[in-house]
Each structure stands twice: as C-alpha cells, then as structure tokens.
Amino acid sequence: QGSPQAILQMMRCMNKLGDYYTAIGMGRELATPETVSPEIHTELGTAYAGVDDAVRAEAEFRSALASGQKPVTAIQGLAAILADTRNTAGLAELERTCHAEMHGDIECLAILGKAALARRDLEGAARLFEESQSLAIRQRTALHMVSWPVTEPRIRHDYEQLELLAQRGLL
C-alpha cells in the first residue's frame, strides 16, 4: 500500500508508456476507496481504455466527474469512449453537462467533430472543427506544439528524408 500521490504519478507514467495493466494493478494498491481521487479515477479510466475495456473505462471516467470536479482529461476520456461506442445520446448529454469545458478544449472539440462526421453530420462537424481552429488561434496553441529552436539532429534527419524522397522522384 503506497501513498495515493505516488501511485498517481506511477500510474500516469505507466499510461504514457502504454503499460496499462501495470497502471490498473497500481490503482488496486490503494487501501480504501476514499483515497481514490478524481485524478486516479481518470488514470484508471485511461488504463481500461488502453486495454479496450470500454465499460470499466466509462465507469472510471464517470466516477472522476461525479466528484464535483471536472478534470478535462476525464471529460476527454469519457467523450472518446462514448464516441467510439457510438453512444450519441451519452455524448450529447456529456456535452450538455460539460459544455464550457468541452468547448474550451481543442481535444474535446476534435472528438465531437469526429463523432459528427461518423454520423454524417457534415455541417455540425465543420462548425466544430472551425470552433477548434478558432480556439487554437486564440490560445496560440500551435506556437507550443513544436519545440524551438529545432535541434540540429532533427533538421539533419528531415533533410536526409527529403533527399531520399527527391532521389525516388516523389517530390
């Protein structure tokens, strides 16, 4: 039995590495249910989603949101599960209850846009993607997506790739 904060950090690391079963096992190390914070529920949801257990993932994300807090990662995870399982009513309800959070997050807007495309709502998808673009411009997100300055090995690698494509006549 470890400290909840230490377990949370380890779970985040395991999820980022794709070691979902270890993250799930770490979540079971917590002594009592009251020590399970919304963040731990979110990490458990991420781990269950990683092993394609949509039912448990949804339950964990809902537990994270039931705490009164609305962690955006839990909203993203739940939205992704609902979109992947084509639960249109559930996704619409989540959007209604977490409207400000979802429409203030580029990832959530992308999930909503893709779900709209999946149900062939082209106008709705276009509106959501335009909203996402507008949000990215307002937040200046693109400025932080690529580290700057670009490291010399990265430039050399990209240049070599371009040379290979040119030699093959693909440019």
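This is a predicted model: local features need pLDDT of at least 70, side-chain atom pairs count only at pLDDT 80 or more; totals for chains, interfaces and linings use all residues.
View 1. Look just after α8 and you'll find Arg-120, with a positive phi of about 65°.

**View 2. The buried side of α8.** Which residues of α8 are buried? They are Cys-108, Leu-109, Ala-110, Ile-111, Leu-112, Gly-113, Ala-115 and Ala-116. These buried residues pack against α5, α6, α7 (99–102) and α9 (122–139). As a reminder, residues three or four places apart in an α-helix point the same way, because there are 3.6 residues a turn.

View 3. The core holds 35 residues, and Ile-75, Leu-94 and Met-102 have the most contacts inside it. Nonpolar side chains do tend to be buried together in soluble globular proteins. What does Ile-75 touch, once neighbours within four places in sequence are set aside? The contacts are Leu-65, Lys-70, Leu-94, Cys-98, Glu-101, Met-102 and Cys-108.

**View 4. Where α4 passes α5.** The two axes come within 9 Å and cross at roughly 145°, and the crossing is left-handed. On the α4 side, the residues that meet α5 are Ala-54, Ala-57, Glu-58, Phe-61, Arg-62, Ala-64 and Leu-65. Their partners in α5 are Thr-73, Ala-74, Ile-75, Gly-77, Leu-78, Ile-81 and Leu-82. So Ile-75 turns up again, this time as part of the α5 side of the meeting.

View 5. Thr-85 sits in the loop that links α5 (72–84) to α6 (88–97). A polar atom of the Thr-85 side chain lies 2.9 Å from the backbone oxygen of Ile-81. Is Thr-85 buried, exposed or partly exposed? It counts as partly exposed, because its relative accessibility is 45%. Arg-86 lies in this loop too, and it counts as exposed because its relative accessibility is 59%. The phi of Arg-86 is near 55°, a positive value in a residue other than glycine. For a sense of scale, Thr-85 and Arg-156 are 71 residues apart in sequence and 43 Å apart in space, C-alpha to C-alpha.

View 6. Glu-43 is part of helix α3 (residues 38–50). Why does this glutamate count as buried? Its relative accessibility is 12%, and the cut-off for buried is under 20%. Leaving out residues up to four places away in sequence, Glu-43 touches Leu-8, Met-11, Arg-12 and Asn-15. Asp-52 belongs to the loop between α3 and α4. At 70% relative accessibility, Asp-52 counts as exposed. Its phi is near 60°, again a positive value in a residue other than glycine.

Methods
Residues are numbered from 1 along each chain as its sequence is written. Side-chain values use heavy atoms; hydrogens and water are left out. Helices (H or I, at least four residues) and strands (E, at least two) are DSSP runs, numbered from the N terminus. Buried means under 20% relative accessible area, exposed over 50%, partly exposed in between (1.4 Å probe, protein chains only). A polar contact is a pair of N or O atoms within 3.5 Å; within protein, one must be able to donate a hydrogen and the other to accept it, and residues adjacent in sequence count only if both atoms are side-chain atoms. Contact means heavy atoms within 4.5 Å. A nonpolar core is a set of buried Ala, Val, Leu, Ile, Met, Phe, Trp, Tyr and Cys residues joined through side-chain atoms within 4.5 Å. Axes are lines fitted to C-alpha atoms, for helices over the stretch in contact, and angles run from 0 to 180 degrees between N-to-C directions. A crossing is left-handed if the near helix is turned anticlockwise from the far one by less than a right angle, and right-handed if clockwise.
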